[in-house]
2 protein chains.
Amino acid sequence: MLAERNRGYFEAKNIAALNFVSSPGAGKTTLLEKTITALKEEIPFFVIEGDQQTMNDAERIDATGVPVIQINTGSGCHLDSVMVNSALKQLSPDPDSILLIENVGNLVCPALFDLGEARRIVVISVTEGDDKPIKYPTIFRNADLCIINKTDLLPYVQFDVEKTKEYARRIQPQIEFIETSATKGDGMESWFDWLRRQRSA
Amino acid sequence: MLAERNRGYFEAKNIAALNFVSSPGAGKTTLLEKTITALKEEIPFFVIEGDQQTMNDAERIDATGVPVIQINTGSGCHLDSVMVNSALKQLSPDPDSILLIENVGNLVCPALFDLGEARRIVVISVTEGDDKPIKYPTIFRNADLCIINKTDLLPYVQFDVEKTKEYARRIQPQIEFIETSATKGDGMESWFDWLRRQRSA
């Protein structure tokens with residue numbers, strides 16, 4: 001596969017490539033929309049959107065004004081390095097930019113496919129239950145950051161944030177955490193700071 | 001694969017086998033817990049639980065007092081007919097019972113694997129967004145029933161129930177819908193009635 005070729009491409013152009021994985025509906029696209037809208041004057045963003053079907057997510061990103069490519073996987077369950085390599089040729093991201101890769105909504109299969117990214121970010125929603133890291137360990141094993149999203153819904157659901165972190169650390173002791181409500185704005189400054197650090201890293 | 005063998009087994013013993021698919025954390029296990037607790041004196045239930053890791057779900061079902069087998073798929077992303085066939089040999093469900101099969105939390109891959117079930121039920125949570133049927137069409141194409149769960153959270157999220165139904169019907173015009181809050185109890189009587197009809201079907 002072409003993960004190493006993609007990694008070389010990112011290295012050559014000093015691009016920070018981030019692979020966002022989550023269950024369907026954890027809020028990845030909203031997180032990216034809000035992030036791009038807030039930071040696009042400061043950081044050049046390029047986006048690859050993965051979905052089984054529809055251009056919906058690409059259209060939402062396109063409305064923010066940054067370059068985006070949609071990959072439809074059909075019955076496929078994840079992005080792979082060949083798809084990303086082909087998208088890179090069309091997208092041609094600028095040097096020193098951040099490439100946001102939104103994977104197909106799937107907490108299982110994308111775990112096994114290296115896209116050549118610098119960092120893997122797993123997004124979980126507080127509505128999904130706090131046991132996700134131990135029930136889906138493979139995807140947490142290679143994750144650098146876990147974004148715990150939809151924290152505005154915490155008053156209405158059973159979800160123990162500390163228990164989730166403890167479970168995730170059992171699988172991946174170095175994993176970092178940021179708690180956000182992408183729709184309401186809580187925690188977004190911490191996330192923006194994390195993102196800025198990737199660019200200078 | 002052994003889907004047809006499983007179907008023959010169910011036919012021979014007049015067992016209604018139901019395959020529950022959803023994203024991680026859509027509430028399948030809670031729905032099954034509440035269903036079994038309410039109806040176990042009326043209907044003999046047997047349960048097969050699928051997860052990548054942990055016995056958590058089987059333990060939750062076991063606490064209701066009905067026979068349950070946990071299948072751990074490891075890095076695998078779905079149950080298949082061979083796993084179910086092997087579980088059937090251990091579980092030996094009674095004639096005229098209902099077999100509840102909770103698939104691995106994954107809105108993508110389980111779509112492609114026939115387990116020999118009579119009905120496929122896709123559970124979506126209102127926190128996941130109303131565009132799921134068109135973004136993940138494969139899993140809706142073979143679904144008989146869509147349970148729209150966590151309706152108690154509707155006041156706090158953007159989710160248009162009618163739009164979801166319209167999207168799902170575009171993929172599968174015969175699909176039925178039931179709206180539930182498994183935790184609060186709303187809509188559960190409609191679901192119980194649907195379940196009773198499967199048994200006499």
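This is a predicted model: local features need pLDDT of at least 70, side-chain atom pairs count only at pLDDT 80 or more; totals for chains, interfaces and linings use all residues.
User: What makes the relation between chain A and chain B that of a two-fold axis?

Analyst: A rotation of 180 degrees, with 0.0 Å of shift along its axis, superposes chain B on chain A with an RMSD of 0.0 Å. That is the relation of a two-fold axis.

User: How do you know that the copies meet through the same surface?

Analyst: Of the interface residues of chain B, 100% are also interface residues in chain A, so the two copies use the same surface to meet. The contact takes 31 residues from chain B and 31 residues from chain A, where residues count as being in contact if their C-beta atoms, placed from the backbone, lie within 7 Å.

User: Which elements contribute to the side of chain B that touches chain A, and how is that side made up by class?

Analyst: The elements that give two or more residues to this side are α5 (132-135) and α6 (137-141) of chain B, and the largest share, three residues, comes from α5(B). By class, the side of chain B that touches chain A has twelve nonpolar, 13 polar and six charged residues.

User: Why are β3 and β7 of chain B called edge strands?

Analyst: The open sheet of chain B has seven strands in the order β3-β2-β4-β1-β5-β6-β7, with parallel pairing. Strands β3 (68-72) and β7 (176-179) of chain B each pair on one side only, and these are the edge strands. From one strand to the next, the twist averages 20 degrees.

User: How do you know that β4(B) pairs with β1 and with β2 of chain B?

Analyst: Two strands pair if at least two bridges are found between them. Strand β1 (residues 16-22) of chain B is joined to β4 (residues 98-102) of chain B by five bridges, and these strands run parallel; for example, A17(B) stands opposite L99(B), and F20(B) has E102(B) as its bridge partner. Five bridges also join β2(B) to β4(B), again in parallel, with V47(B) standing opposite L100(B).

User: What makes β4(B) largely enclosed?

Analyst: A residue is buried if 20 or more other C-beta atoms lie within 10 Å of its own. Five of the five residues of β4(B) are buried, so the strand is largely enclosed by the rest of the structure. Both faces are covered, with I98(B), L100(B) and E102(B) buried on one side and L99(B) and I101(B) buried on the other.

User: How is β4 of chain A placed, buried or exposed?

Analyst: Five of the five residues of strand β4 (residues 98-102) of chain A are buried, so this strand too is largely enclosed. I98(A), L100(A) and E102(A) point one way and L99(A) and I101(A) the other way. Strand β1 (residues 16-22) of chain A pairs with β4(A) in the parallel sense over five bridges, and A16(A) stands opposite I98(A).

User: How do helices α1 and α4 of chain A meet?

Analyst: The axes of α1 (residues 3-12) and α4 (residues 81-91) of chain A come within 8 Å and cross at roughly 35 degrees, and the crossing is left-handed. The contact is made by A3(A), R5(A), N6(A) and Y9(A) of α1(A) and by S81(A), V84(A), N85(A) and L88(A) of α4(A). These residues divide into four nonpolar, three polar and one charged.

Notes:
Residues are numbered from 1 along each chain as its sequence is written. Chains are lettered from A and ligands numbered from 1 in the order in which they are written. Copies are superposed by least squares on the C-alpha atoms of residues with pLDDT of at least 70 in both. Helices (H or I, at least four residues) and strands (E, at least two) are DSSP runs, numbered from the N terminus. Axes are lines fitted to C-alpha atoms, for helices over the stretch in contact, and angles run from 0 to 180 degrees between N-to-C directions. Ala, Val, Leu, Ile, Met, Phe, Trp, Tyr, Cys and Pro count as nonpolar, Asp, Glu, Lys and Arg as charged, and the others, Gly among them, as polar. A crossing is left-handed if the near helix is turned anticlockwise from the far one by less than a right angle, and right-handed if clockwise. A residue is buried if 20 or more other C-beta atoms lie within 10 Å of its own, exposed if 12 or fewer, and partly exposed in between; C-beta atoms are placed from the backbone.
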